[in-house]
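Me: I'm new to this one and would like to go through it step by step. Could we look at it together?

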Amino acid sequence: MPPDLDAGPVSITDAGGLRVQWRPEGHVSDYDSDWLREHRGGSDEGSQLAPVPVTWGAELSKAMPAADYGEVTSDHGALLDWLRLLRDFGIAVLRDTPREPLSVLTLAGLIGPARATNFGEHFDVLSKQEPNSNAYTALGLLCHTDLPNWERPPDYQLLHCLENDAEGGDSILVDGFRAAETLRAQEPAAFRLLSGTPIDFRFQDSESDIRFRAPAIALDEAGSVAEVRFNFAVMGAVRAPANRMGALCRALRAFAEVIRDPALECHYRLSPGELLIFDNRRVLHGRAAFDPTTGARHLQGCYVDRDQLFSRIRVLERAAPLQ
Ligand code: OGA
Ligand code: ZN
């Protein structure tokens, strides 16, 4: 481009667009008015996060965003509605899905290909011999996010229920955005510490050693909560200057208490054939202990990237634009 490039004569076309003749070469460009509106300064378009996250608490147990598998696979509009619920609530259920093993990978395909981790492309949540994760026991799990020890933890987690006949094992979900905002309101000093102090997360087994250091609460440029990393099972020793150690441990404890507040906990019992999907960088998940002697419990899980979800929504919106 010429270094002295400048707009020359400017006019409005018959179609209502903008026509610019550029100096010094005389090249003519036409700009569509919709395109100009979309790219005007100060527009929020293109924000990385869900346009309007809808936060929730215990009441979601009775109002879980959900759709039927048959509906979303036969009607693009229904799939779009369901994916928008997932984007905005950070959680959704799909009912009456095929109960075959590995269906979780084809269900992920409604959004995009699964993202593999050190636990594989998919993982089996079962009570196992010699487990390399406490998820693979019958123990209860406190609410956590998966893989905060990765530089980029997986975005969306899918859990597909194949069997759930054991006593116990109900799922517990907590909106991390709601929890972090509650901490900010109740204990602002703890919130400031957790959003500004990196914490060590690490996972080790015979094959992997994956570590990352990041704050439990990440904020975006506007100061809104953008991400939560919280998982005592993969936390390293707390490292902090001696004079800040006590405050940091108390802040972690305060956040853990907020996360265990029954008013924030959504309890949900997965039925065989149901798929639960949630934003793993926002929503914490856990489960009640179960008794494997009373019946089988088998979930299969995998992860997909947020880019795939947002892309899928945009492509579906081409056929069904927002009113
Ligand atoms: C997991 C997990 C929860 C469950 O596999 O990451 O937390 O309900 N499982 O078993
Ligand atoms: Zn988990």
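Me: To start, how many disulfides does a search of the whole structure find?
Reply: The search finds zero disulfides, and please keep in mind throughout that this is a predicted model. Taking C143 as an example, its nearest cysteine sulfur belongs to C266 and is 9.7 Å away, and because a disulfide needs the two sulfur atoms within 2.5 Å, C143 is in no disulfide.

Me: And C143, is that buried or exposed?
Reply: C143 counts as buried, since its relative accessibility is 11% and the cut-off for buried is under 20%. C249, by contrast, has a relative accessibility of 36% and counts as partly exposed.

Me: OK, zinc next. Which residues are the protein donors of the zinc ion (ligand 2)?
Reply: The protein donors are H144 and H285, each through NE2, and D146 through OD, and they lie 2.1 Å from the zinc ion. Read along the chain, these donors follow the spacing H-x1-D-x138-H. The pair D146 and H285 therefore links distant parts of the chain, being 139 residues apart, with D146 in the loop between β7 (141-144) and β8 (156-164) and H285 in strand β17 (residues 283-287).

Me: How buried are D146 and H285?
Reply: D146 has a relative accessibility of 12% and counts as buried, and H285 is buried as well, with a relative accessible area of 7%.

Me: What about L147, where is that?
Reply: L147 is placed in the loop between β7 and β8, and that is also the loop that holds D146. L147 is buried, with a relative accessible area of 7%, and its phi is positive, about 55°, although the residue is not a glycine. As background, most residues other than glycine have a negative phi, and most peptide bonds are trans.

Me: Which other residue has a positive phi although it is not a glycine?
Reply: D96 is one, with a phi of about 55°. D96 sits in the loop between β5 (91-95) and α4 (103-108), and with a relative accessibility of 63% it counts as exposed, whereas L147 is buried.

Me: And the peptide bond from R23 to P24, is it cis or trans?
Reply: That bond is cis, with omega near 0°. P24 itself is found in the loop between β2 (18-23) and β3 (28-31).

Me: Changing topic to helix α6, which of its residues are buried?
Reply: In helix α6 (residues 188-196) the buried residues are A190, F191, L193, L194 and S195. In general, an α-helix has 3.6 residues a turn, so residues three or four places apart point the same way.

Me: Zooming out, how many helices and strands are there in the protein chain?
Reply: The protein chain has eight helices and 19 strands, and its C-alpha trace spans about 80 × 60 × 40 Å along the principal axes. Of the 323 residues in the chain, 45% are buried. Among contacts between residues at least 6 apart in sequence, 76% join residues at least 24 apart.

Me: Last one, what about the surface and the charges?
Reply: The accessible surface of the protein chain comes to about 16,700 Å², and 51% of that belongs to carbon and sulfur atoms.

Note on methods
Residues numbered from 1 in each chain as written. Chains lettered and ligands numbered in written order. Predicted model: local features only at pLDDT ≥ 70, side-chain atom pairs only at ≥ 80, totals over all residues. Heavy atoms only, no water. Donors = N, O, S within 2.8 Å, 3.2 Å for Na, K, Ca; no water. Helix = DSSP H or I, 4+ residues; strand = E, 2+ residues; numbered from the N terminus. Buried < 20%, exposed > 50% of the residue type's maximum accessible area, 1.4 Å probe, protein only. Contact = heavy atoms within 4.5 Å. Areas by Shrake-Rupley, 256 points an atom, 1.4 Å probe, with all protein chains shown as cover.
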